[in-house]
Amino acid sequence: MQPTPLSRFTSAPYIPPDRIFELTAQYQADPSPQKVNLGQGTYRSSTGDPWVLPSVQEARSRLANNGLNHEYLPILGHAQFRKLAARMALGEALHDTLGSRLATCQSLSGTGALHLAGLLLRHLHHLNLNPNPEGQTNRPLPKIYIPDPTWSNHHQIFTSLGFPVVSLPYYSAETRSLAFEPYLSALENAEQNSVVILHACAHNPSGCDPSTAQWREIAGVIKSKNLFPVFDAAYLGFNSGDVDEDAAAIRMFVGEEFGLEVGVCLSFAKNMGLYGERTGCFFVTTRSGEIARNTESVLEVLQRREVSNPPAFGAKIAALVLGDLELAGMWREDLKTMSGRIREMRTGLAEGLIRFGAPGDWGHLVRQTGMFGFLGLDEEVVRELRAEEDHIYMADNSRVSIAGLNPGNVEYVAKAIAERLRTRDV
């Protein structure tokens with residue numbers, strides 16, 4: 001009898017599942033009718049249901065009625081979508097000025113855009129290597145500076161590509177606000193020619209964004225240190241209800257005042273509700289049309305190696321919504337609906353906590369913006385809330401998705417949190 005050959009996969013370690021997705025699985029398995037999911041970051045309507053935006057519904061109907069096909073897109077993606085996505089982020093005037101200096105590539109949502117950014121930076125780094133006196137060409141990759149805390153995928157994406165990742169202090173748990181001075185100081189000490197990841201708006205997970213004046217200081221440091229800024233722009237329009245307001249930092253960096261080359265990673269998961277369609281775009285602003293053309297050709301090769309070409313359906317929807325005056329107007333109203341409901345739930349939760357006697361100051365819930373924020377609860381309290389009696393699911397560090405709240409559960413959540421805190425405060 002022949003012995004069973006050893007598996008090639010014996011060395012594979014067990015890696016625990018992603019904590020947020022595991023939390024969602026626990027929530028889904030919970031039979032309680034009172035359960036509340038404050039973990040996963042997907043928008044929900046005022047009734048707690050997934051919401052297909054009316055503008056997206058209309059675009060989908062038009063596509064279906066016009067003989068929607070399933071042919072391949074070009075490697076770089078849907079051309080009109082790429083153009084309109086960049087124009088959305090930059091605004092019409094800047095886009096017209098910079099149009100020939102943009103290199104764009106459709107991506108698999110924001111995650112894919114960040115991955116493309118890393119691939120491009122790594123590829124160009126290796127092309128720029130020059131032998132040192134010892135004849136070696138393995139100059140290390142530039143450091144990637146990432147705010148702490150941040151979206152967990154930031155670290156995973158860039159470390160998987162071999163980049164050394166450095167955390168920048170960003171959020172103060174003590175004040176429950178942006179730790180601007182420590183952040184700026186750390187940025188001033190960053191290595192020349194490194195890369196810095198910036199949340200364009202609605203910082204995930206803190207909900208704390210720099211002011212206009214603070215963005216200006218950040219841009220000044222980045223320019224003086226010759227850093228390359230990569231904007232993670234997953235919430236344009238979803239944060240404030242106004243794309244122009246949410247894209248202001250991007251436009252400041254590339255405009256006349258600073259004139260920086262930047263990378264922008266766009267996602268249409270949140271602001272169009274295209275979660276499962278994985279619709280995104282990565283673009284860079286460059287110094288000349290020739291550099292943009294060459295850079296775009298590199299992106300095309302990198303995209304071909306990774307996914308061959310991107311998915312079409314979401315890009316066609318987004319292009320139709322962005323490019324049609326009627327649908328674009330509907331979409332702007334959809335953005336106001338979503339951002340307005342998020343703000344109402346922030347206010348409702350803060351007021352409920354105060355009404356039910358939760359000890360402490362809850363003003364930070366209203367000062368924070370966007371889908372996410374930290375409640376500021378101890379991990380033990382979070383676990384108690386998740387236990388059988390309350391059925392309220394959130395990350396261990398009390399990072400919550402405000403979209404999980406609605407008029408039917410916000411009072412219940414506020415009361416449960418207040419009761420837990422009062423018990424511990426006795």
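Helix α5 gives five residues to the lining of the second largest pocket, the most of any contributor. Here a pocket is an open set of points on a 1 Å grid over the protein atoms alone, where a 1.4 Å probe fits, with protein on both sides within 12 Å along at least five of seven lines; lining residues have an atom within 4 Å of a point. Helices (H or I, at least four residues) and strands (E, at least two) are DSSP runs, numbered from the N terminus.

This is a predicted model, where local features need pLDDT of at least 70 and side-chain atom pairs count only at pLDDT 80 or more, while totals for chains, interfaces and linings use all residues. Residues are numbered from 1 along each chain, and side-chain values use heavy atoms, with hydrogens and water left out.

| Pocket | Volume | Lining |
|---|---|---|
| Largest | about 940 Å³ | 40 residues |

Besides α5, at least two lining residues each come from α8 (212-224), β8 (228-233), β10 (279-285) and α12 (289-306).

As for the largest pocket, α6 supplies the largest share of the lining, five residues. Phe-21, Trp-151, Ser-152, Asn-204 and Arg-399 sit nearest its centre. Domain 1 (19-52 + 338-423) and domain 2 (60-327) both contribute lining residues, so this pocket lies between them; the domain bounds come from an automatic or database assignment.

Key
Grid points are joined across faces, edges and corners, and a volume is the space filled by probe spheres set on the points.
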